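Thank you all for coming, and please keep the structure open while I talk.

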Amino acid sequence: TKTRCISESAFSWTGITSIQIPEGVTIIEKHAFYGCNSLKEVKLPSTLKTIEESAFYFCDELTSINIPKSVSSIDRTAFHECKNLTRIDVEEGNPNYKSIDGVLYSQDGALIYYPPAIENESFKTPNDVTKIVSGAFEGIRFLKTIELSEQVQSIDTGIFSYSSVVERIIVKGNPNIRKEAFANSKMLTYASLKEVTALPKGMFSDCNSLETVELSSNLESIE
């Protein structure tokens, strides 16, 4: 019988450098390639449907990955700590995911993951992005300024996930912001929140370098 899954931790902490996952595989389970820090090339099959949590976590040498149009579920942590990842591309015709300039989005408007090795120093969310998921900017290495457009309606907890490089965050609209959204951004010096009416608990917790925050005249609550 054909292999239908790459099981949990199947290749974790091995020295493999490349892998072509065979056709017929539908799921890559959690931690399948965790810590494969020599893995440079991965070819995913056209039958793949699911990539579970931390599947490729700590794959330091992985620089790009192509997501087939068959994939319907990618855990938000699937590629976390892949510090040299420069792009995630999605095959045209995928009804669930898309890629713009190497950044992974869901088709329904969520920014899922900004690869940490993209060398741009500034980034503005596309106008059709309505949500920033937790850890979306985890581990980013070069990005200094992030502007979230007025179309963004929700910002999850910990979108930077201990990032040390972001210096400026500009929020154009009035999204629903979860607690500790920008927490632990050690290099953050400036935040513009001119339309935001509610600041959640711990929003800037442990942002040791923060100097300036511009707030709305219609601010209603600070937790």
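D89 forms a salt bridge with R87, and the closest N and O atoms of that pair are 2.9 Å apart. By salt bridge I mean a side-chain nitrogen of Lys or Arg within 4 Å of a carboxyl oxygen of Asp or Glu. Before I go further, please note that this is a predicted model, where local features need pLDDT of at least 70 and side-chain atom pairs count only at pLDDT 80 or more, while totals for chains, interfaces and linings use all residues. Residues are numbered from 1 along each chain as its sequence is written, and side-chain values use heavy atoms, with hydrogens and water left out.

R87 is partly exposed, with a relative accessible area of 34%; on this scale buried means under 20% relative accessible area, exposed means over 50%, and partly exposed lies in between, using a 1.4 Å probe and protein chains only.

How many salt bridges does a search of the whole structure find? The search finds six, and one of them joins K98 to D128, with the closest N and O atoms 2.5 Å apart. K98 lies in strand β9 and D128 in the loop between β12 (122-124) and β13 (131-132), so this pair ties together parts that are 30 residues apart in sequence. When I say strand, I mean a DSSP run of E with at least two residues, and a helix would be a run of H or I with at least four, numbered from the N terminus. D128 is itself partly exposed, at a relative accessible area of 39%.

Another salt bridge is formed by K144 and E167, whose closest N and O atoms are 4.0 Å apart. This pair links distant parts of the chain, since K144 sits in the loop between β13 and β14 while E167 sits in the loop between β15 (154-155) and β16, 23 residues apart. K144 is partly exposed at 26% relative accessible area, and E167 is partly exposed at 30%.

D60, in the loop between β5 (50-51) and β6, gives us a contrast, as D60 is buried yet has no salt bridge, and the nearest side chain of opposite charge, K83, is 4.3 Å away. Here Lys and Arg count as positive and Asp and Glu as negative, whereas His and the chain ends are not counted. If we leave aside neighbours within four places in sequence, D60 is in contact (heavy atoms within 4.5 Å) with C36, N37, E81, K83 and N84.

Let us turn to the strands. Six of them form an open sheet in the order β9-β10-β11-β13-β15-β17, with mixed pairing, and two strands count as paired if DSSP finds at least two bridges between them. The edge strands, each pairing on one side only, are β9 (97-100) and β17 (176-177).

β9 and β10 pair in the antiparallel sense over four bridges, and the partner of Y97 in β10 is S106. Their hairpin has two residues between the strands, and there D101 takes a positive phi near 55 degrees. β10 and β11 also pair in the antiparallel sense, over two bridges, with Y113 in β11 as the bridge partner of L104. In that hairpin, which has three residues between the strands, G109 takes a positive phi near 105 degrees.

In a regular strand the side chains alternate between the two faces of the sheet. In β10, V103 and Y105 point one way and L104 and S106 the other way, and all are buried.

Which residues touch the most other members of the largest nonpolar core? They are F33, F56, F79, F137 and F182, out of 66 residues, where a nonpolar core is a set of buried Ala, Val, Leu, Ile, Met, Phe, Trp, Tyr and Cys residues joined through side-chain atoms within 4.5 Å. β11 gives the most to this core, with four residues. Apart from its neighbours within four places in sequence, F33 is in contact with residues including I6, F11, L39, F56 and C59.

Finally, the cysteines: the structure holds zero disulfides, a disulfide being a pair of cysteine sulfur atoms within 2.5 Å. The sulfur of C36 is 5.2 Å from the closest cysteine sulfur, in C59, which is too far for a bond.
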